Amino acid sequence: MTSSGSQLMSTISCVELTSQVIMKITRHCQDELEKQLDPHVSGVLLGLINKQVLEITHCFPLMNSDTEEGMEINREYMLEMERSLRQVNIDYQQVGSIRVLILTPTVTENFLDNVVDYLEEMNEAIALIYDPLKDKS
């Protein structure tokens, strides 16, 4: 991490999620559980840094794939989503990633690699891990 990156990270004292982001994450998890598809849901967090607060104002899901083709589809999708959001004046700066772990006690090595990659590219990024089944108890 560069010294300016360390300086920026040390100025962020709080992370705020809008209720819309929380609802989108929980709705996407519920949809995946009902379809009984891959229980490992992932996505992108978007927002901005406002003084010492990292504000997460939007999110969208990604396709789960470890293949090179799937990762390329996700990259293209992310770019298209960012362009679309910018055109309608919604925050489009990537500020983190989402990983939903349903009935999985630990994160995967792939997820940790992605977090490290995010932090190398964007010093102010976060990783949000959510288990919707623990939320229901």
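Helices (H or I, at least four residues) and strands (E, at least two) are DSSP runs, numbered from the N terminus. The model shown is predicted: local features need pLDDT of at least 70, side-chain atom pairs count only at pLDDT 80 or more, and totals for chains, interfaces and linings use all residues. Residues are numbered from 1 along each chain as its sequence is written, and side-chain values use heavy atoms, with hydrogens and water left out.

**View 1. C59 in strand β3.** Strand β3 spans residues 53-62 and holds C59. C59 has a relative accessible area of 6% and is therefore buried (under 20% relative accessible area; exposed is over 50%, partly exposed in between; 1.4 Å probe, protein chains only). Setting aside neighbours within four places in sequence, C59 is in contact (heavy atoms within 4.5 Å) with V21, K24, I25, V44, L45 and I98. Between the C-alpha atoms of C59 and Q94, the separation is 9.1 Å, and these residues lie 35 residues apart along the chain.

**View 2. Strands β4 and β5.** Of the nine residues in strand β4 (residues 93-101), eight are buried. β4 pairs with strand β5 (residues 126-130) in the parallel sense, over five bridges; two strands pair if DSSP finds at least two bridges between them. Opposite S97 stands A127 in β5.

**View 3. Confidence along the protein chain.** pLDDT is the predictor's confidence in each residue, from 0 to 100. The protein chain has an average pLDDT of 78, and 82% of the residues score at least 70.
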